Amino acid sequence: MAREGRGIVVTIFKNFWESLKPRNFKGTLVGEDNYGTKYYEIDNGERQRKQRYFVPVTKEQFDQEMPSEWESWLRGRRVTPPTQEEILKNYELMISKKNNAAELDLRHKGSAKIEQEKQTSTFHSFPVYEEYKDDPVNNPKKYSGR
């Protein structure tokens, strides 16, 4: 029983002594994106997950645009950092999708204008029937035929 108590005291003392030692807070540079943001990684040993962080081009501006590949790497969704070729390929794909969407939108808006013009030329607020076109109030001779 005495050994268990001493073991706890020794563990606490070792943890306290380890906490006084300087730790490595400086990460290794892993990569940089097109905006100039630098991405770092700190290796904490095999048991802990690696810490990842970024340093923006302008300090204190952490809400800037970030490529999705780097964001997924920062959040730990991918193991390896993205390569420049991968980012460029995905960027070109994104641009082509935007262009295709704009082209479809223009095509759709063009056909929508034609349909709208057709509707306005033939659209009446109330239906028009031939049998009700004659107005007995304004044309009493036609309806007074007795």
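Modeller: Here is a quick tour, from the whole chain down to single residues. Keep in mind that this is a predicted model.

Biologist: Okay, how many helices and strands does the chain have?

Modeller: There are four helices and three strands.

Biologist: What pattern do they follow along the sequence?

Modeller: The order reads α-β-β-β-α-α-α.

Biologist: How much of the chain is buried?

Modeller: Of the 146 residues, 14% are buried. The exposed surface comes to about 13400 Å². Carbon and sulfur atoms supply 55% of that surface.

Biologist: Which elements give two or more residues to its lining?

Modeller: Those are H2 and helix H3, which spans 84-122. H3 gives the largest share, with four residues.

Biologist: Which residues line this pocket?

Modeller: The lining consists of Asn34, Tyr35, Glu65, Met66, Pro67, Ser68, Glu69, Ile87, Asn90, Tyr91 and Met94. By type, six are nonpolar, three are polar and two are charged.

Biologist: Let's zoom in on Glu41. Where is it?

Modeller: Glu41 is in strand E2, residues 38-42.

Biologist: Why does Glu41 count as buried?

Modeller: Its relative accessible area is 16%. The cut-off for buried is under 20%, so Glu41 qualifies.

Biologist: What does Glu41 touch, beyond four places away in sequence?

Modeller: Its contacts are Gly27, Thr28, Val30, Lys50, Gln51, Arg52 and Trp73. With Arg52 there is also a side-chain polar contact of 3.0 Å.

Biologist: Tell me about that partner. Which strand holds Arg52?

Modeller: Arg52 is in strand E3, residues 51-55.

Biologist: How far apart are the C-alpha atoms of Arg52 and Glu41?

Modeller: They are separated by 4.4 Å. Along the chain, the two residues are eleven residues apart.

Biologist: Which backbone oxygens does the side chain of Arg52 reach?

Modeller: One is the backbone oxygen of Trp73, at 2.6 Å. Another is the backbone oxygen of Val79, at 3.3 Å.

Biologist: And what else is Arg52 in contact with?

Modeller: Leaving aside neighbours within four places in sequence, Arg52 is in contact with Tyr40, Glu41, Trp73, Leu74, Gly76, Arg78 and Val79. Arg78 will come up again, as a contact of Ser72.

Biologist: Good, Ser72 next. Where is it found?

Modeller: Ser72 is in helix H2, residues 68-74.

Biologist: Is Ser72 buried or exposed?

Modeller: Ser72 is buried, because its relative accessible area is 15% and the cut-off is under 20%.

Biologist: What does Ser72 touch, not counting residues up to four places away?

Modeller: Ser72 touches Arg77 and Arg78.

Biologist: Which backbone oxygen lies 2.8 Å from a polar atom of the Ser72 side chain?

Modeller: That oxygen belongs to Glu69. Glu69 is also one of the residues lining the largest pocket.

Biologist: Last one. How far is the C-alpha atom of Ser72 from that of Pro82?

Modeller: The separation is 9.4 Å, and the two are ten residues apart along the chain.

Terms used:
Residues are numbered from 1 along each chain as its sequence is written. This is a predicted model: local features need pLDDT of at least 70, side-chain atom pairs count only at pLDDT 80 or more; totals for chains, interfaces and linings use all residues. Side-chain values use heavy atoms; hydrogens and water are left out. Buried means under 20% relative accessible area, exposed over 50%, partly exposed in between (1.4 Å probe, protein chains only). Contact means heavy atoms within 4.5 Å. A polar contact is a pair of N or O atoms within 3.5 Å; within protein, one must be able to donate a hydrogen and the other to accept it, and residues adjacent in sequence count only if both atoms are side-chain atoms. Accessible areas come from the Shrake-Rupley method with a 1.4 Å probe; for residues, only the protein chains shown count as cover. On a 1 Å grid over the protein atoms alone, a cavity is a set of points where a 1.4 Å probe fits but cannot get out, and a pocket is an open set with protein on both sides within 12 Å along at least five of seven lines; lining residues have an atom within 4 Å of a point. Ala, Val, Leu, Ile, Met, Phe, Trp, Tyr, Cys and Pro count as nonpolar, Asp, Glu, Lys and Arg as charged, and the others, Gly among them, as polar.
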